Amino acid sequence: MQELIEPMLTGKPYPIKGLVLYGTNLLHTVPDVPRTKRALAALDFVLAIDVLPQDHVAWADVVLPEATYLERHDDLWACGHKTPYIALREPAIEPLHDTKPGWWIAREMGKPYLADFEADNASPFSTPSKKVELYSSALAAAGLEPLPDFEPTPDAPSGYFRLLYGRSPVHTFARTQNTPVLHALQPENEIWVNEAVASTLGLAHGDRVRVENQDGVRSGPVRIKATPRIRPDCVFMVHGFGHQAPGMTRAHGKGASDAQLQTRYALDPISGGAGLRVNFVRLVRET
Amino acid sequence: VARYAFAIDLDRCIGCQACVVACRTGHEIPAGETFITVSDIVRGQAPRLWGSFAHQRCFHCAAAPCVTVCPTRALTKWNGLTAVDQDRCSGCGYCTDACPFDVPSLTDKRVWKCSACVDLVRDGASPWCAETCPSQAISFGERTDVLAGARTRVAALKRRHPNAQLYGETELGGLGLLTILLDRPSVYGLPEDPKIPGMLTVWQRAVQPVTTGLSALAAAVMGVMFVVARRRHVREETDRA
């Protein structure tokens, strides 16, 4: 997703004029939020499909409100793990409001183009060897590392910590912070700091700080969690907090957003995946 | 008569709080109250850490001190479980003082405490927490079955966790909530040997019988007084006549 932002701004390698946003929480997912906002402003058209008035929804020209998961069928989920299973979602109630399921919206929007659609019968192993390839001849032919090796990332500069992020079992991505019962359990996130490091810095568990990254971007106030559970050179926060949209009535203004602090990222040249744990932050005492 | 019990397996608990959410939703618990609190316990320093989860909730004691002190029968025992009838609660708070585990609390002058979903259990269903737990850490059923299952688990866990033990088999007459601990009770903030508060024993053994005795005595005196007064009255009437 983050690789779509640059073409929106520069038109290279191809122009992007419009965006249909579904199942992505744009301003909490893509690093360098100010750049994302500039890119949104540069587009001709933005369509947002969502169940919540999330931060990015306010940027859309057209909003198609989706039915919640309790009110819709969803794609059949077929999982081919060691124990394969199929999961089917069925609506428990009719939609309470004038909303439609995502698949219905997609079908209606796709109808004019259905004639152009052809079934894709690709084999699961479309490699040159027709086998699962650990050493990829295709990558070698493209001049890339055929068997990728570990490349160390730079350490945090003095006085800074590597910013890590992750999940809590209570919240799902940036979606559930406004849900009453989950909000009551975990209304805001904390910034985890090694307890020995915190005491050296004169910070106590529960103190409020702002987190400032290497580019001077500062988060909203967030509490210190002094814990033995983190290495001394890193800090950690649960993803999904720091909502700005006033429509997120409970979650709005609570905790800090890791996405806001990720103004830099490292790009994997092969997969295009973004490494976001390359941002360094320091803790500024809230006065 | 059935005797029900829960078992919580702390080797299986993943700390996800789904039991808390199911309980809050099922019972429409007001903000600020909860019947279950799950907190994490950590020892050591990264990356050498030991962690587990502590569950703070009603232990459903067989000899439940809260039931003993409750003057309005808002707290009662039902098939091994400690049930709550909020409509009968006067908000006196005796139960909050009596509980050795600091479980009951008062909000809006009513007691708030896990009632083991007795309404659901009466209908043959399981309590919300046991029904919801995604890692099958919470089991519920006949105490003898639950106890047998818990003992088997502790025996198996001893290989990985030498201090693993079952909490609640005999404590306070046998708890209705058995906990499979990975370490000593004190690690989880639990009393190693929970006791009914001393004053409560006094209350139960001395004050209650004495007050009952005094009430009986008062009634007897009243009776005698009545007879005496009646006699006098009759005599006065006779004298006047």
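Analyst: Let's start with a strand pair: strand 7 (residues 190-194) of chain A and strand 10 of chain A run antiparallel, joined by two bridges. This is a predicted model, where local features need pLDDT of at least 70, side-chain atom pairs count only at pLDDT 80 or more, and totals for chains, interfaces and linings use all residues. Residues are numbered from 1 along each chain as its sequence is written, chains are lettered from A and ligands numbered from 1 in the order in which they are written, and side-chain values use heavy atoms, with hydrogens and water left out.

User: What makes strand 7 and strand 10 of chain A a pair?

Analyst: Two strands pair if DSSP finds at least two bridges between them. Strands 7 and 10 of chain A have two bridges, so they meet that cut-off. A:Ile191 sits opposite A:Met237 of strand 10 of chain A. Strand 6 (residues 161-166) of chain A pairs with strand 10 of chain A too, in parallel and over five bridges, and there A:Leu163 has A:Val235 as its bridge partner. Strands here are DSSP runs of E, at least two residues, and helices are runs of H or I, at least four residues, both numbered from the N terminus.

User: Why is strand 10 of chain A called largely enclosed?

Analyst: Buried means under 20% relative accessible area, exposed means over 50%, and partly exposed is in between (1.4 Å probe, protein chains only). Five of the five residues in strand 10 (residues 234-238) of chain A are buried, so the rest of the structure largely encloses it. A:Cys234, A:Phe236 and A:Val238 point one way, A:Val235 and A:Met237 the other, and all are buried.

User: Why is B:Cys23 called buried, and what is B:Cys92 called?

Analyst: B:Cys23 has 7% relative accessibility, so it counts as buried. B:Cys92 has 39%, so it counts as partly exposed.

User: What makes a set of residues a nonpolar core, and which residues touch the most other members of the largest one?

Analyst: A nonpolar core is a set of buried Ala, Val, Leu, Ile, Met, Phe, Trp, Tyr and Cys residues joined through side-chain atoms within 4.5 Å. In the largest, with 61 residues, B:Ile36, B:Phe101, B:Ile138 and B:Tyr188 touch the most other members. Helix 6 (residues 143-157) of chain B gives this core its largest share, five residues. A second, separate core of 17 residues includes A:Val197 and A:Leu203.

User: What makes B:His60 stand out, and why is it called buried?

Analyst: B:His60 isn't a glycine, yet its phi is positive, about 50 degrees. Most residues other than glycine have a negative phi. B:His60 has a relative accessible area of 0%, so it is buried. You'll find B:His60 in the loop between strand 3 and helix 2 (65-69) of chain B.
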